[in-house]
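Thanks for making time this morning.

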Amino acid sequence: MFAGLGGFHQALAERGAECVFASELDSDLQDLYEKNFGLRPAGDIRKVELDTIPDHDVLCAGFPCQPFSKAGDQKGLECPQWGNLFDYVVDVLRLKQPRYFIIENVPNLIRHDKGKTWELICARLRGLGYDIRYERLSPHMFGVPQRRERAFIIGDLEGLDRFAWPIPKALPDVSITSVLDNNPNDALKLNAKQIQYMETWQEFIDAFPADEDLPSFPIWAMEFGASYPLYGESPYKRGYEGLGRYRGAFGEPLKGLKSPEVEATLPGYARTKLDEFPEWKIDFIRKNRDFYVRHKDIIDPLLPRIRSFPPSFQKLEWNCKGAERSIWKHIIQFRASGIRVKKADAAPSLIAMTTSQVPIIAWEKRYMTPRECSRLQSMGNLEHLPETKERAYKAFGNAVNVDVVGQIFDALIDRSLEDLPSEMAVAAE
């Protein structure tokens with residue numbers, strides 16, 4: 001169910017299982033699935049006569065994560081567009097009673113609504129007679145260079161007393177270079193403006209004292225020189241007209257400005273209509289203001305250039321403690337929260353909701369290609385990929401990792417091989 005690019009299909013088919021049914025809403029992905037696997041998925045599961053689904057031994061589902069993701073609206077099971085799709089997983093399990101199931105979703109599903117959503121999901125699965133287990137797993141735990149934690153739930157009608165999650169005792173060494181091609185011709189290159197932003201921040205890094213660690217907190221340049229109030233009521237709650245004695249982003253004086261002008265002069269995140277700033281935001285702002293006071297001499301020469309950048313490029317997250325202080329040696333993501341620099345051991349999580357956060361191979365000044373992203377999801381052998389980069393990046397961001405699913409399937413099945421039918425039929429998605 002919710003087949004996408006067929007990650008569950010690939011993992012289980014590699015182990016001899018036969019897919020007897022698949023469902024996928026997106027017509028382009030249906031076409032691609034048929035090209036890759038010779039099976040045409042049914043469309044919207046909400047329009048499928050569930051009793052026509054063939055009997056099967058394993059049901060796999062990665063129901064849409066948008067209602068539970070931190071990047072989404074977090075409306076959960078109440079989401080009018082996607083929230084009820086878990087009901088169809090339950091309905092198929094109730095109707096067909098496969099012995100096993102494997103379900104995948106974002107880790108925030110476990111914490112959504114203070115854990116109430118997760119408790120409800122688990123209760124409904126147990127109510128069908130399944131013994132269930134759940135765990136959070138990431139591809140990098142199994143030698144795949146991507147840090148992408150996901151929540152997995154497994155179930156067995158005959159019990160899981162002998163089951164153990166396939167968590168390695170020691171994490172393997174990984175490097176993103178294992179999935180990269182050398183200067184591929186189809187790679188999207190960084191443009192001149194993006195390179196300029198990076199070069200400016202590299203000047204800042206080069207000027208920073210060698211005997212002091214670069215900040216572990218996000219650097220927000222718009223706080224350099226700012227003094228608007230942090231504690232108590234937010235600027236919006238106080239009333240913008242009462243902030244004349246303070247300074248806004250980059251130390252811009254607020255004196256004499258009208259309310260709309262004051263609002264426009266504050267950093268975007270300081271214009272919240274909440275009554276108060278959350279503690280984490282106060283902490284980041286305070287650290288940045290203190291940082292500026294200590295390092296004003298190296299920051300001020302660069303500030304006019306940084307100030308001219310788009311807001312998301314005015315922020316830097318250096319997640320490379322102890323590594324070489326060169327942006328061009330690492331992996332980059334351009335995020336709304338800033339330029340994120342990470343060590344080249346593993347790629348950050350692929351994200352389906354935006355193509356702007358595709359990992360960047362800094363030393364080649366380019367984005368990862370769709371084929372390279374396919375390897376991050378252990379789909380490197382997939383013959384046919386989506387036709388456009390945008391669709392490919394989105395599909396891989398939604399995909400389940402083949403190697404992770406394979407490890408789970410092995411652990412689930414190997415413990416009870418003597419109980420298995422001679423040929424397994426799988427509703428593979």
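This is a predicted model: local features need pLDDT of at least 70, side-chain atom pairs count only at pLDDT 80 or more; totals for chains, interfaces and linings use all residues.

Let me start with His330, which lies in the loop between strand E7 (315-319) and strand E8 (331-335); helices (H or I, at least four residues) and strands (E, at least two) are DSSP runs, numbered from the N terminus. Residues are numbered from 1 along each chain as its sequence is written, and side-chain values use heavy atoms, with hydrogens and water left out.

Is His330 buried or exposed? Its relative accessibility is 5%, and therefore His330 counts as buried, where buried means under 20% relative accessible area, exposed over 50%, and partly exposed in between (1.4 Å probe, protein chains only). If we leave aside the neighbours within four places in sequence, His330 is in contact with several residues, among them Trp318, Cys320, Glu324, Lys342, Ile361 and Trp363, contact meaning heavy atoms within 4.5 Å. Lys193, by comparison, is 137 residues from His330 in sequence and 19 Å from it in space, C-alpha to C-alpha.

Now to strand E3, residues 100-105, where six of the six residues are buried. Both faces are covered, with Tyr100, Ile102 and Glu104 on one side and Phe101, Ile103 and Asn105 on the other. Strand E2 (residues 58-61) runs parallel to E3 and is joined to it by four bridges, two strands being paired if DSSP finds at least two bridges between them; within this pairing, Leu59 has Phe101 as its bridge partner. Strand E5 (residues 150-156) runs antiparallel to E3, with six bridges between them, and there Glu104 stands opposite Phe152.

Turning to the helices, the axes of H3 (residues 85-96) and H5 (residues 116-127) come within 10 Å and cross at roughly 15°; axes here are lines fitted to C-alpha atoms, for helices over the stretch in contact, and angles run from 0 to 180 degrees between N-to-C directions. In this contact, Phe86, Asp87, Val90 and Leu93 in H3 meet Ile121, Arg124 and Leu125 in H5.

Finally, the whole protein comes to 14 helices and 12 strands, its C-alpha trace spans about 75 × 50 × 40 Å along the principal axes, and buried residues make up 54% of its 429 residues.
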